[in-house]
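Dear colleague,

I am handing over the structure we spoke about, and I would be grateful if you kept it open beside this message while you read. My notes follow directly after it.

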Amino acid sequence: MADPLEKLLQNPRLWRGREQTNTSTWQGLPSGYPKLDRHLPGGGWPQHALTEILLEHYGMGELQLLMPALARLSTPEDHELSDEAGWIAWIAPPFQPYPPALLQWGINLSRVLIVRPRQESETLWSAEQALSSGNCAAVLMWLDTMDDYSSRRLQLAAEKGQSWAIAFRPLAALSKASAAALRIQLMPGEKGTDLGILKSRGGRPAVLRNYAD
Amino acid sequence: MPTSDKSPVILRDTAPTPSATPARLEPTQQSFALVAKPARRLWLCIYLPGLPLQALNDKNDHEAVAVFEDEKGMRRILLADKKARAAAVVPGLAVNAALALLPTLCLKERSPRRERQALQALASWAEQFTSFVSIEAPNILLLEIAGSLQLFGGLAPLRQQIVTGLKTLGFSALVSIAPTPLASTWLAKAGRSVSILTPADLTGALSKLPIRCLDWPDSVNESLNGMGITHVGDALRLPREGFARRFGTGRLTELDRALGRLPDPRQSYRAPERFCSEYELSEEQSASDLLLNVCQELLIELERFLLTRQLSVQRVLFSFFHLKESATHLTLGSMRAGRSIDHWFELLKIKFDQLGLAAPVITIRLRSGQSQLLTASTDQFNFGDTGRRQGEPIAHLVERISARIGDKSIHGVTTVAEHRPQYAWSTKDLEQTPNCAAVPMSRRPLWLLPEPRPLPVEQHAPMYQGALKLLDRPERLETGWWDGDGIARDYYVAVNPAGIHVWVYQDRRSDHDWYLHGIFG
């Protein structure tokens, strides 16, 4: 009896209140922001899962938040792992991702893939395809409306393709349920952008003042 | 010193003048010509006298079967199987007489089309033994086997393999081998299952053949008979000139070719390189699940076709035929030539949803586009360097997405060596390697606006969701005057009250207006 129980407790999906789960089996992707890493279970972004970033306006540092991790994914430091370098898909970005800036952040441009669907249903479909194909290390998508069902599909696709799904959503989505492993809210703060962890699988909600500090 | 070494030296000594050089070259050329002479050929003839019957064979072992032919209104037995022959049904018998002899006789009309198809199928089958198979209508296959002997362990094993293979396929054949195509054909038609390996033995072997095996017109045979000439050997003894005058140079040429005195080129059979297959439904169907299943069957067939030929295709065409409407066509293309059907099926499913068939479907046809030789490197084809992990090639993902939302909707990006921010990047095809121009020294925003947006100004400060605070000193960009699209701008990094960092500029050409060009994100 003890064995299945132990197994269950190891599962990062199990919410155990204030008690932190054993992080040995749960390796996060370092975000490049030490302050944030300390609050994320596994010491980084949840890989192979859906992360939601909620924000009021574009430009609140939502891309800078991801850049160090994306740079790592597109150009692994370890040369032997060069096969691991995955594609980074941008699906329905609101503006043009600017390649000179991407280079400045260390993104490998040969691994950048931009998709411009005509409607939101196509955005979801493309994201699901990209996630489950196993080609993409990360899939960034901008969605105005997404229901619980779609978020569950994205979460499953991310698990299947071992890919990191990142959905940018308006603040209005706050009240809606979501299957995301991690939900983050970005807010303007006194010194910089504040980051609120609303939901974190295996972790605890928290508010980080000026996360980049 | 061996004397043989000395003799050429002596030759040179006796003819030391330059004029003798061409004379000395001559023998070398000759010996070279000897080497370059066409390699010895060996022809294996498969003669299928029972083809009209066996081409129609449907594995019916119980009844006696005979094939009849309509000849000027008279239906006569052309060929009969063993059981029919036992009941005295022989070729040439009228159909009615045959039925009187054997009322249970299963009669079939001869089908030249089926015979042709059977012969082509056999030619494809025979390509496993040699690269050169020639169809000699109506019932003969010629295989050039000199190059295959070593691979198949010699003549006897190869011959054995062909004979047993034919038997398994349900064809009774006469097989003979000779150095010329005609000689092997004549030997097979005469029923001599022999193997003649050298041209020197040809005359002896052919001499014993009766003239009638040569398929010459009856008139020629009769006049030869009248002269007392019944065998090929007799004909060979006649004076050539007289023979040519009486029976035409064509006959003489044939004899010369059979004996290997004249070349006798043949045309190699080439299997069709395009795939075309149809599936006829028993009744009209519109259920997409069922139709897709049929399409998958066709694709599996295509895969098998490509696999045996080491080919790949980049384009396939599905045609859906309706009873009353004109056919619906659906072309699928792939940038990556492949033969794995999974990807084609994925693409088909996406396109099929958008197709909207006008009417129920009665027949589905699949045709392949131009096929090309599959090279090993296409398997490793990908963009830039190796693909990631267990995943399929990225091209498959790209094709699926562009199949659904359009070709232009998916692309990569690259930087361009250019100081004007709006020209410092471009889209690119995904397979192109990006041009990594030098990274600009000063900070660039992650978001670029498609067009600079004019900003309102209040109390000398530009506004973007509140007054902007300029950080740092400006970056002056003044360039591009040579192509009429020059800029003169001071770029600033600015921050608004909500903490959004933006990239703004003041146009130094016009009235020093402010514009928003990027967001740092």
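In what order do the three strands of the open sheet in chain B lie, and is the pairing parallel, antiparallel or mixed? The order is 3-2-4, and the pairing is mixed; two strands are said to pair if DSSP finds at least two bridges between them, and helices (H or I, at least four residues) and strands (E, at least two) are DSSP runs, numbered from the N terminus.

Before going further, please note that this is a predicted model, in which local features need pLDDT of at least 70 and side-chain atom pairs count only at pLDDT 80 or more, whereas totals for chains, interfaces and linings use all residues. Residues are numbered from 1 along each chain as its sequence is written, while chains are lettered from A and ligands numbered from 1 in the order in which they are written.

To return to that sheet, strand 3 (74-80) and strand 4 (106-109) of chain B are its edge strands, each pairing on one side only. Neighbouring strands of the sheet are turned by 40° against each other on average, direction ignored, where axes are lines fitted to C-alpha atoms, for helices over the stretch in contact, and angles run from 0 to 180 degrees between N-to-C directions. Strand 2 (residues 65-71) of chain B pairs with strand 4 of chain B in the parallel sense over four bridges, and B:Val67 stands opposite B:Lys108 in strand 4 of chain B.

Strand 1 (residues 43-47) of chain B deserves a separate look. Five of its five residues are buried, so strand 1 of chain B is largely enclosed by the rest of the structure; a residue is called buried if 20 or more other C-beta atoms lie within 10 Å of its own, exposed if 12 or fewer, and partly exposed in between, with C-beta atoms placed from the backbone. In a regular strand the side chains alternate between the two faces of the sheet. Here B:Trp43, B:Cys45 and B:Tyr47 point one way, B:Leu44 and B:Ile46 point the other way, and all are buried. Strand 1 of chain B runs antiparallel to strand 6 (residues 140-144) of chain B, joined to it by five bridges, and five bridges also join strand 1 of chain B to strand 7 (residues 174-178) of chain B, again antiparallel. B:Ile46 has B:Leu141 as its bridge partner in strand 6 of chain B and B:Val175 as its bridge partner in strand 7 of chain B.

Next comes the contact between the chains, which takes 44 residues from chain A and 46 residues from chain B; two residues are in contact if their C-beta atoms, placed from the backbone, lie within 7 Å. On the side of chain A that touches chain B, helix 5 of chain A gives the most, with six residues. By class, that side has 22 nonpolar, 16 polar and six charged residues, where Ala, Val, Leu, Ile, Met, Phe, Trp, Tyr, Cys and Pro count as nonpolar, Asp, Glu, Lys and Arg as charged, and the others, Gly among them, as polar.

The axes of helix 5 of chain A and helix 17 (residues 394-405) of chain B come within 10 Å and cross at roughly 165°. The two helices are therefore roughly antiparallel to each other, since angles under 35 degrees count as roughly parallel, over 145 as roughly antiparallel, 65 to 115 as roughly perpendicular and the rest as oblique. Among the residues that meet there are A:Trp125 and A:Gln129 in helix 5 of chain A and B:Leu397 and B:Arg404 in helix 17 of chain B. The chains are also linked by strands, as two bridges join strand 3 of chain A to strand 15 (residues 447-455) of chain B in an antiparallel run, with A:Pro97 opposite B:Trp447.

Within chain B, the axes of helix 8 (residues 181-189) and helix 13 (residues 249-258) come within 6 Å and cross at roughly 95°, which makes helix 8 of chain B roughly perpendicular to helix 13 of chain B. In that contact B:Leu182, B:Ala183 and B:Trp186 meet B:Glu254, B:Arg257 and B:Ala258.

As for chain A, its secondary structure comes to six helices and nine strands, and buried residues make up 51% of its 213 residues.

With best wishes
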